[in-house]
Amino acid sequence: WYNPDITSSQSSWVPVGDFWNNLAIRCLAYDPQDPQTFFVGSGEAETALQTYRESSGVGFGIGRSDDGGETWYHIDGTEQFVYVTDIVVRIENSVSVIYAGVASGLYKGSQQQSQPSDGLFRSADGGSTWQQVLPLIAGSTVPYCVSDIALGADNRLYAGTRPNLDGEGGAVILWSDNGTTWNVVDQFRDEILATPSANIPGRVVLGTSPASADVVYALIASGYVNSGNGFNYFNCNHILRSADKGVTWVKKNLPTNLTSGTNFATIAWHALDIGVDTNNPDWLYIGGLDAHKSFNGGITWLRVSDWSKM
C-alpha cells in the first residue's frame, strides 16, 4: 500500500499488490541514492514457532520496485529465503549495498529452512548475487540467524539475532564497519542461559539514534517453557543502551506501569519493537503489548497505550 500524503486525514491508502500470490510482507526498505527503488522482504518469522496458535505464512523471498512502488518484480535467487526479517540499503563507496536478514522457522508444524542458510545476506549488484557475511555461531557450523538490522548515524551496521531451528544463536548483538568482519556481543545470551527461569535466549530488536552515532538501544527477549502446554513463551527482560556505538552495553529499567501481567512484552516472540527520536538520543519508544516512552534514555518509562481497551 502507499499513501500520497500521510499528513492529510483525507488522503487514502492505495493498494499496489493485494493480488500477489503471497501477501506475507515483513519489511520494506528503499535506496537512499534512488528513492524510487524499493525492496520488500516476505515471511513472518516472529510467529514461525510452535506456540498456542498456528504459525504464520512463509514468504517468497525479496521483491523489488524501480518506480516508487507502482509495480514490483521478484528478485531471482531469493525464493529460498523463506523468512526475510529485515532489509537495509547501506551506501558503501557510493554503491547502494543491500543487506537482508534471513531466518528459518515452522509453518503448519513443518520446518522451513532458508537456503543456502540463515544469516545476513549482502548484495552489491542490486540483488543479482548474494553473499552471507555473518560469522558462525560459536561451537556450530551455521551462521547466526538474524532478527533485526540497523544502521548507525555514522553508517555502522548492527545485527541482532534470534534462535535458529535448533534453538541456537539467539540474544546476540553484532556490529561491523565494513559489512564483512564482525564484532560479537554475546554476554547477554550467556546471562540468559545462566538464569534459573526465562533461560531461553530469544530475539533481539535494535534502535539507533539518528542524532548520535554513539547511542544504540537493544531489546532482548528471553523465554521459558510453559508447564501447561509445553510451548516456549518469551518476555522482554533486557532493555540495553550503548553510548559507545555498540562496544559496551548498560541495562536500563523495565517499565513497571503495566495494564496486566508482570512484563511489558509478554508475547515478545511476536510483539516487540523500538524507535528512537530523530533529534534526541535519550527519547525513545518501545512496544510490547503496550507502548511506553522514555525521555531519559530508559531510566523511567511512561505508558502511552492500553491494549486492553483497544
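These legends describe close-up views of a predicted model. Local features need pLDDT of at least 70, side-chain atom pairs count only at pLDDT 80 or more, and totals for chains, interfaces and linings use all residues. Residues are numbered from 1 along each chain as its sequence is written, and side-chain values use heavy atoms, with hydrogens and water left out.

**View A. V133 sits in the loop between β10 (131-132) and β11 (145-151).** Strands (E, at least two residues) and helices (H or I, at least four) are DSSP runs, numbered from the N terminus. V133 is buried at 7% relative accessibility. Buried means under 20% relative accessible area, exposed over 50%, partly exposed in between (1.4 Å probe, protein chains only). V133 touches Y99, among other residues; contact means heavy atoms within 4.5 Å. The C-alpha atoms of V133 and Y99 are 9.4 Å apart, at a sequence separation of 34 residues.

**View B. D177 and R156 form a salt bridge, with closest N and O atoms 2.7 Å apart.** D177 lies in the loop between β13 (173-176) and β14 (183-185), R156 in the loop between β11 and β12 (157-162), so the pair ties together parts 21 residues apart in sequence. A salt bridge puts a side-chain nitrogen of Lys or Arg within 4 Å of a carboxyl oxygen of Asp or Glu. D177 is partly exposed at 47%; R156 is buried at 8%.

**View C. E191 and K251 meet in a salt bridge (2.3 Å, N to O).** E191 belongs to helix α1 (residues 187-193) and K251 to strand β18 (residues 250-252), so parts 60 residues apart in sequence are tied together. E191 is partly exposed at 30%, as is K251 at 45%.

Conventions:
Lists of a residue's contacts leave out its neighbours within four places in sequence.
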